[in-house]
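This briefing is intended for a reader who has the sequence and the model at hand. Please keep both in view while working through the points below.

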Amino acid sequence: MFLLGALLCAVISCGEKTVEKPDICAHRGFWHCEAAQDAENSIASLRLAQENGLWGSEMDIHLSADGVVVVNHDHIFHGLVIAEHSYEELAAAGKLKNGESLPTFEEYAAQGKLSPCVLVVELKPQPTREGADKLLDNTVRILKEAEIFDPSRAMFISFDLELCKRIGAEYPQFTNQYLGGRLSPSELKEIGINGLDYHFSEFRAHPEWVEEAHSIGMSANVWTVDNPEDMAWLIGLGVDSITTNEPLLLRSVIKENNVTKNTN
Ligand code: MG
């Protein structure tokens with residue numbers, strides 16, 4: 001059954017052009033390259049994901065004390081707790097590795113608008129429920145203002161289960177994936193969440209979750225996969241998307257997989 005899934009997954013064609021499957025998602029943008037100067041979650045890393053024709057680019061967002069949605073992995077930026085400082089204070093504290101100022105999500109959305117590369121928006125857990133709700137509200141507003149509040153242009157992921165439930169209730173048209181693991185696709189569906197995006201160890205323990213997700217109309221993505229053996233295994237399992245720090249390596253593993261399947 002998994003082999004059938006792999007064949008279907010690897011050889012989906014669109015006219016003359018073979019579509020890259022599974023989808024390649026750059027983890028924190030395509031940052032691990034000379035052009036991005038290793039600056040994760042930078043505008044440059046998003047632009048490089050776009051320029052390399054990747055399916056999607058993931059980024060992490062937080063809410064500053066004055067309500068600005070900022071793009072950064074940790075809840076601390078250059079020693080300052082993001083939720084406790086204004087954007088101005090945060091931006092004055094330091095730069096990214098490539099010299100960029102701390103990106104706002106508004107800047108990210110403006111860059112995102114330029115390409116079909118999907119914005120995979122990770123809403124980071126916030127210190128309060130009020131903060132988490134405001135993070136979502138402001139993010140939705142920004143996507144609307146940029147005219148990319150569209151399920152084909154953006155999707156949501158989060159470790160905050162309550163926020164995933166809220167997205168499921170209010171924006172059911174969007175792909176909305178829980179990141180935390182432990183819950184089966186059926187358990188997620190029961191609480192109104194339409195996808196899962198789990199660490200690959202979860203799929204080692206529960207490889208059946210990919211097929212289970214697909215059988216009930218849900219998507220199954222996986223993070224963060226940088227090893228070619230793990231990539232090949234997950235391609236075979238039939239996941240929809242793989243999030244990686246090494247998108248060009250993943251592209252080559254997908255191509256090898258296609259060649260193998262086509263010549264069998
Ligand atoms: Mg992330």
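The model is predicted, and its features should be read accordingly. The protein chain contains 11 helices and 13 strands. Its radius of gyration is 18 Å, close to the 18 Å that the globule rule gives for 264 residues, so the chain is as compact as a globular protein of that length.

**Overall dimensions and packing**

- The C-alpha trace of the protein chain spans about 60 × 45 × 30 Å along its principal axes.
- Of the 264 residues in the protein chain, 53% count as buried.
- Among contacts with a separation of 6 or more, 56% are made by residues 24 or more positions apart.

**Surface and charge**

- The protein chain has an accessible surface of about 11600 Å². Carbon and sulfur atoms contribute 53% of this surface.
- The protein chain carries 21 positive and 40 negative charges.

- Is E58 buried or exposed? E58 has a relative accessible area of 3%, which is under the 20% limit, and therefore counts as buried.
- D60 is likewise buried, with a relative accessibility of 1%.

- Q37 is not a glycine, yet its phi is positive, at about 55°. This residue is found in the loop between β3 and α2 (43-51).
- With a relative accessible area of 47%, Q37 is partly exposed.
- D38 also has a positive phi, near 60°, and is a residue other than glycine. Its place is in the loop between β3 and α2.
- The relative accessible area of D38 is 30%, so this residue falls between the limits of 20% and 50% and counts as partly exposed.

**S64, between β4 and β5**

- S64 sits in the loop between β4 (56-63) and β5 (69-71).
- The relative accessible area of S64 is 3%, and the residue is therefore buried.
- Which residues does S64 contact, leaving aside its neighbours within four places in sequence? The partners are I82, A83, H85, S86, Y87 and L90.

**I191, between α7 and β11**

- I191 belongs to the loop that runs between α7 (185-190) and β11 (195-199).
- I191 is partly exposed, with a relative accessible area of 32%.
- Apart from neighbours within four places in sequence, I191 is in contact with L161 and K165.
- I191 and A169 are 22 residues apart in sequence, and their C-alpha atoms are 9.2 Å apart in space.

**E202, in helix α8**

- E202 is part of helix α8, which covers residues 200-205.
- When residues up to four places away in sequence are not counted, E202 touches G181, R182 and W209.
- One of these contacts, R182, is 20 residues from E202 along the chain, and 7.5 Å separates the C-alpha atoms of the pair.

**D230, in helix α10**

- Where does D230 lie? D230 is within helix α10, residues 228-237.
- D230 is buried, with a relative accessible area of 15%.
- Beyond its neighbours within four places in sequence, D230 is in contact with F200, R204 and V225.

Terms used:
Residues numbered from 1 in each chain as written. Predicted model: local features only at pLDDT ≥ 70, side-chain atom pairs only at ≥ 80, totals over all residues. Heavy atoms only, no water. Helix = DSSP H or I, 4+ residues; strand = E, 2+ residues; numbered from the N terminus. Rg over C-alpha atoms; globule rule 2.2 N^0.38 Å. Buried < 20%, exposed > 50% of the residue type's maximum accessible area, 1.4 Å probe, protein only. Contact = heavy atoms within 4.5 Å. Areas by Shrake-Rupley, 256 points an atom, 1.4 Å probe, with all protein chains shown as cover. Lys, Arg positive; Asp, Glu negative; His and termini not counted. Charge placed at Lys NZ, Arg CZ, Asp CG, Glu CD.
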